[in-house]
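Reader: Hi! I'm new to reading structures, so please pick a single part and walk me through it closely.

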Amino acid sequence: MGDNSSAAAKHQNYHRQVLDFSINVDAQSRAGDSKCFDDDGRLKRTGSVWTASAHIITAVIGSGVLSLAWAVAQLGWIAGPTMMILFSIVTYYTSVLLSECYRSGDPVTGKRNYTYMDAVRSNLGGLQVKICGAIQYANLVGVAIGYTIASAISMVAIKRSNCFHASGGKNPCHINSNPYMIIFGVVEIIFSQIPDFDQIWWLSIVAAVMSFTYSTIGLGLGIAQVAENGKIQGSLTGISVGSTVSELHKIWLSFQAFGAIAFAYSYSLILIEIQDTVKSPPRESKTMKKATLISVAVTTVFYMLCGCFGYAAFGDSSPGNLLTGFGFYNPFWLLDIANAAIVIHLVGAYQVYCQPLFAFVEKTAKDRFPDSKLITRDLQIPLFPGGKPFKLNLFRLVWRSVFVVITTVISMLLPFFNDIVGILGALGFWPLTVYFPVEMYIVQKQIPKWSTKWVCFQVLSAACLVISIAAAVGSFAGVVTDLKVYRPFKTSY
């Protein structure tokens with residue numbers, strides 16, 4: 001009886017192996033022969049240099065641009081623009097290194113890495129994967145919190161701007177930000193039901209257009225203010241030490257400014273996911289290098305203009321958030337358009353950043369509970385007569401909604417825009433933008449230890465680590481200062 005069951009099991013196992021082999025062969029033949037599939041058996045990718053650039057610009061020109069005038073004010077006319085250019089060069093260079101790690105082995109036919117974590121797993125493996133995952137996903141949660149705070153501040157600014165205008169500037173118009181964070185959260189719950197990255201390309205395009213809109217308005221108002229002043233404000237060394245700022249506080253603020261600039265350039269953590277939407281030929285890394293060059297060049301020009309004209313307009317008193325710090329009262333309708341554009345952009349940027357986290361949790365749940373109907377079953381919901389039905393997954397609905405609710409509540413608890421931006425920039429910049437891309441590239445290209453190239457990479461990594469630590473210390477010092485006068489859920493602007 002035992003022999004019979006053993007033989008039956010072997011027979012069944014053999015059939016399973018034959019079936020698996022035939023499925024693999026079928027997937028490979030579909031990938032090779034069909035115009036509908038790529039070399040990994042997935043549907044053909046359709047992304048181009050321009051869609052990849054739009055995704056990057058959407059991710060990069062976010063709320064970070066608005067704190068750049070404040071960052072330049074802390075550092076002054078010499079160090080401010082210099083740090084922006086340095087961060088842009090480092091970001092571009094390490095992004096090019098990272099794009100080479102999309103495929104393992106052969107750059108044309110090698111195995112694809114679908115996410116940043118997959119690339120780290122293929123090239124570095126072991127404990128590094130867990131460390132990378134913890135940093136990447138913590139950073140994504142942080143970005144969601146930062147964007148919720150920024151959008152609420154912009155909505156409040158619209159309300160305050162109109163209130164100021166109606167009262168002729170007599171009413172201080174203090175408004176609680178909590179209802180606006182809740183509104184943003186509800187909108188994100190709806191948008192977060194979009195299943196994956198490929199299906200949000202249109203949201204990326206809209207968000208990219210919005211980011212240009214508000215950046216251009218901020219730049220225009222800065223130029224107008226400089227013209228009205230008749231002179232360029234600011235100094236070579238930044239905010240002056242005196243009655244309001246002690247020497248130690250100036251150091252903390254300068255470090256925090258590094259974090260703000262780093263945050264303004266952070267997008268490496270979603271670069272691999274963006275690269276996975278790009279078609280080939282040409283080689284994906286080739287397309288990505290062009291997209292990175294275009295987007296980093298465009299954003300750097302914008303950042304220099306917005307940061308420098310904002311500082312030129314307001315000098316030492318540059319607000320932490322250019323459009324909402326009430327540096328400009330008129331024309332109020334233009335401010336309203338700019339702040340509305342920020343909100344629309346952040347709705348899209350929130351999704352671009354959170355989709356990799358959503359995908360990771362859902363894939364892990366499917367692998368862990370493959371037989372669970374709650375996780376694997378999609379409900380077909382017809383939206384339009386004769387149209388394609390929307391696939392609603394109950395697990396996706398519950399988990400993504402809970403995620404948005406949690407980030408919204410944390411945002412209401414910690415509404416410190418500049419400090420949060422500094423902390424996020426500091427924590428994400430060195431590990432995700434510099435360390436992992438450099439180490440993966442060294443492994444991928446088999447660069448020998450202690451060679452000139454290897455030593456140069458280590459020096460770059462060490463220098464960026466020092467900047468990140470300084471930025472983190474400065475930003476945490478800012479949070480400690482803010483907490484002294486803070487009451488939970490009572491924040492008004």
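Author: Happy to! Helices here are DSSP runs of H or I with at least four residues, numbered from the N terminus. The model is predicted: local features need pLDDT of at least 70 and side-chain atom pairs count only at pLDDT 80 or more, while totals for chains, interfaces and linings use all residues. Residues are numbered from 1 along each chain as its sequence is written, and side-chain values use heavy atoms, with hydrogens and water left out.

Let's look at helix 4, which spans residues 116-123. Of its 8 residues, 6 are buried, where buried means under 20% relative accessible area, exposed over 50%, and partly exposed in between (1.4 Å probe, protein chains only). Those buried residues are Tyr116, Met117, Asp118, Ala119, Val120 and Asn123. Just past the end of helix 4 comes Gly125, with a positive phi of about 65 degrees.

For context, here is the wider interior. A nonpolar core is a set of buried Ala, Val, Leu, Ile, Met, Phe, Trp, Tyr and Cys residues joined through side-chain atoms within 4.5 Å. The largest one has 117 residues, and Ile261, Tyr303, Tyr353 and Phe403 make the most contacts inside it. Helix 11 (residues 332-368) contributes the most to this core, with 15 residues. Another core, of 6 residues, lies apart from it and includes Ala69, Ala313, Phe314 and Leu322. In soluble globular proteins, nonpolar side chains tend to be buried together.

Key: Helix = DSSP H or I, 4+ residues; strand = E, 2+ residues; numbered from the N terminus.
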